[in-house]
Amino acid sequence: MSTQAPVRRITVPQIRARKGGEPIVSLTSYHAHTAAIVDRYADFILVGDSLGMVMHGMESTVGVPLDLMVMHGRAVVRGTKRALVVVDMPFGTYEESPAMAFRNAAHIMKETQCGAVKLEGGARMGETIRFLTERGIPVMAHIGLTPQSSHVMGGFKTQGRDEETWPLHEEDARVVAEAGAFAVVLEGMVEPLAARITGQVAIPTIGIGASAACDGQILVLEDMLGLNPNRPPKFVKVYGQLGAMIEEAVKAYAEEVRSRAFPGEDQVYR
Ligand code: KIV
């Protein structure tokens, strides 16, 4: 009989309770096998809508459909057992009304078995966040640089360079926290603003390009693995060069096939 204790997934309240404590580790993942590796080290895994660009070659996250999030969300939940899995709500699936957001968030949670959803937007999403959390859907908020609004923002611009804009971002953070979000992603934000917000809200802040002042950090996995065909944003530290390794392996294989060195004796059924 096995005496091993079952592995329990990290819960939303456990992430929430890490405010001001040990930094929260998180990465994106879209794929069962890479998620299984990330699962051993991360507190939560985000199935981000950046998968539109990273996995499917789209120009932005705006075109990502709900079904794609569900498909990748299922793969990540299947591949993991420890980390909390959070799935992004894609553009156009939650902004229109709280009821629409509930229908689509419930669909994501039922179909993927993930533990929470994430949506972009600050004060304007307060009512929706409250509607979802009061009905059993844990929500991670996302403020600062919000890629789904890049057309309105005029591109991917660091937020808070102008100190006069700080009150708006601070208000966004206050509203999403008071509405019931259990954590908030701060993306592309200058350090003093990220530090102020982290000091002001009672929920953990998760930084991406928002400095070490945050309660945790997230990166897009492919960016930190050197697998982004485009130059990753300046704030990304590249921990591995998998793009170069894949290229070397594929090139070696192609050369061996062309020179008839592959398949060799060991690779042939007799
Ligand atoms: O979609 C995504 O990968 C994200 C992260 C950048 C936080 O939202």
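Colleague: What is the volume of the largest pocket?

Modeller: This is a predicted model, and the figure is computed from its atoms. The lining of the largest pocket comprises 39 residues. Phe-156, Glu-187, Asp-223, Pro-233 and Phe-235 are the closest of them to the centre. The space in this largest pocket amounts to about 920 Å³.

Colleague: Which elements give two or more residues to the lining of the largest pocket?

Modeller: By class, that lining holds 17 nonpolar, ten polar and twelve charged residues. The elements that contribute two or more residues are helix 3 (51-54), strand 4 (116-120), strand 6 (183-187) and helix 10 (221-224).

Colleague: Is strand 6 enclosed or exposed, and why?

Modeller: From strand 6, Ala-183, Val-185 and Glu-187 point one way, whereas Val-184 and Leu-186 point the other way. In a regular strand, side chains alternate between the two faces of the sheet. Because five of the five residues of strand 6 are buried, the strand is largely enclosed by the rest of the structure.

Colleague: Which residue in strand 7 is the bridge partner of Glu-187?

Modeller: Strand 6 runs parallel to strand 7, and four bridges join the two. Between them the chain passes through helix 9 (residues 191-200) in a right-handed β-α-β crossover. In strand 7, the bridge partner of Glu-187 is Ile-208.

Colleague: Which strand supplies the largest share of the lining of the second largest pocket?

Modeller: The second largest pocket has a volume of about 270 Å³ and is lined by 17 residues. At least two lining residues come from each of strand 1 (24-28), strand 7 (205-208) and strand 8 (216-219). The largest share, four residues, comes from strand 1.

Methods:
Residues numbered from 1 in each chain as written. Predicted model: local features only at pLDDT ≥ 70, side-chain atom pairs only at ≥ 80, totals over all residues. Heavy atoms only, no water. 1 Å grid on protein atoms, 1.4 Å probe; cavity = no way out; pocket = protein on both sides within 12 Å on 5 of 7 lines; lining within 4 Å. Points joined across faces, edges and corners; volume = space filled by probe spheres on them. Nonpolar A, V, L, I, M, F, W, Y, C, P; charged D, E, K, R; others polar. Buried < 20%, exposed > 50% of the residue type's maximum accessible area, 1.4 Å probe, protein only. Pairing = 2+ DSSP bridges. Right-handed = clockwise from strand over helix to strand, strands pointing away.
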